[in-house]
Amino acid sequence: MERERTAPAPTRRRLLQGAALATVPYALLSGTRAAARPREVDHPSAEWQPASTSNYTRSTRPASYPVDYVVIHVTQETYADTLAIFRDPARQVSAHYVVRSSDGHVAQCVREADIGWHAGNWDYNTRSIGIEHEGWVDRPEYFTDALYEQSAHLTASICDRYGIPKDRAHIIAHHEVPGSDHTDPGPLWDWTRYIRLVNFA
């Protein structure tokens with residue numbers, strides 16, 4: 001049979017250490033990063049999925065640059081692979097948001113105040129919010145009702161925040177950015193439906 005161990009009497013030092021630990025926020029003790037908190041997102045229903053800090057430029061928009069455009073992209077990748085690409089510091093690319101095809105779930109990867117590297121044109125990067133949509137330009141089954149609806153809510157809220165007109169002159173395709181060599185969102189993206197949804201969101 002083991003002998004019963006008696007706990008050492010608490011010393012003043014141990015009591016002070018315990019009191020100090022009690023004041024440390026749980027997030028620091030648990031290893032949870034502060035960046036994972038919901039308060040980091042600009043769009044209330046978005047999930048924070050941060051891009052590598054090597055893949056965007058920190059800024060103070062709209063104080064540093066006006067925000068005049070929303071640029072619509074299609075990932076040409078899965079939702080999960082797109083988030084992994086944005087987290088990879090070697091990729092040198094990011095967008096502010098990614099919308100999942102199956103349910104319209106929105107991830108935010110870059111704060112709107114910062115400059116995402118999504119348009120392929122520095123001037124447009126500084127003045128726009130980039131939204132990636134899971135899918136491929138030649139596979140319309142990825143452009144689900146949920147994707148259109150949740151993306152339209154997101155775009156409408158961005159336009160409201162920055163006073164951007166909700167029209168095709170300001171909500172543009174990636175391929176419409178000067179100098180772009182991309183084709184997204186492609187000819188199967190329903191612009192008429194999308195702009196209508198944005199205006200009724």
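Gln-92 is placed in the loop between α3 and β4; helices (H or I, at least four residues) and strands (E, at least two) are DSSP runs, numbered from the N terminus. Its phi is positive, about 55°, although Gln-92 is not a glycine. The residue counts as partly exposed because its relative accessibility is 43%; buried means under 20% relative accessible area, exposed over 50%, and partly exposed in between (1.4 Å probe, protein chains only). Gln-76 also has a positive phi, near 60°, and is a residue other than glycine. Gln-76 lies in the loop between β3 and α3. With a relative accessible area of 34%, Gln-76 is partly exposed.

The model is predicted: local features need pLDDT of at least 70, side-chain atom pairs count only at pLDDT 80 or more, and totals for chains, interfaces and linings use all residues. Residues are numbered from 1 along each chain as its sequence is written, and side-chain values use heavy atoms, with hydrogens and water left out.

The protein has 6 helices and 8 strands. From the N terminus on, their order is α-α-β-β-β-α-β-β-β-α-β-α-β-α. Of the 201 residues, 43% are buried. Among contacts (heavy atoms within 4.5 Å) with a separation of 6 or more, 73% link residues 24 or more positions apart.

Two cis peptide bonds are described here. One runs from Arg-61 to Pro-62, with omega near 5°. Pro-62 is in the loop between β2 and β3. Another joins Asp-184 and Pro-185, with omega about 5°. Pro-185 is in the loop between β8 and α6.

Helix α5 covers residues 145-162. At 1.5 Å a residue, its 18 residues should span 26 Å, and its end C-alpha atoms are 26 Å apart, which agrees. The expected span is 1.5 Å times one less than the number of residues. Buried residues of α5 include Leu-147, Tyr-148, Leu-154, Ile-158 and Cys-159. The buried residues of α5 pack against β3, β4, β5, β7, β8 and α6. Just after α5, Gly-163 takes a positive phi of about 70°.

Glu-112 lies in the loop between β5 and β6. Glu-112 counts as buried because its relative accessibility is 1%. Its side chain makes a polar contact of 2.7 Å with the side chain of Arg-161. Such a contact is a pair of N or O atoms within 3.5 Å; within protein, one must be able to donate a hydrogen and the other to accept it, and residues adjacent in sequence count only if both atoms are side-chain atoms. A polar contact of 2.7 Å also joins the side chains of Glu-112 and Tyr-162. Not counting residues up to four places away in sequence, Glu-112 touches residues including Asp-42, Arg-61, His-96 and Ile-158.

Gln-49 is in the loop between β1 and β2. Its side chain forms a polar contact of 2.9 Å with that of Glu-47. The side chains of Gln-49 and Arg-87 make a polar contact of 3.3 Å.

The largest pocket holds about 380 Å³ of space. A pocket is an open set of points on a 1 Å grid over the protein atoms alone, where a 1.4 Å probe fits, with protein on both sides within 12 Å along at least five of seven lines; lining residues have an atom within 4 Å of a point. The largest pocket is lined by 23 residues, and Thr-75, Val-93, Glu-132, His-174 and His-182 lie nearest its centre. Helix α3 gives the most to this lining, with 3 residues.

How values were computed:
Grid points are joined across faces, edges and corners, and a volume is the space filled by probe spheres set on the points.
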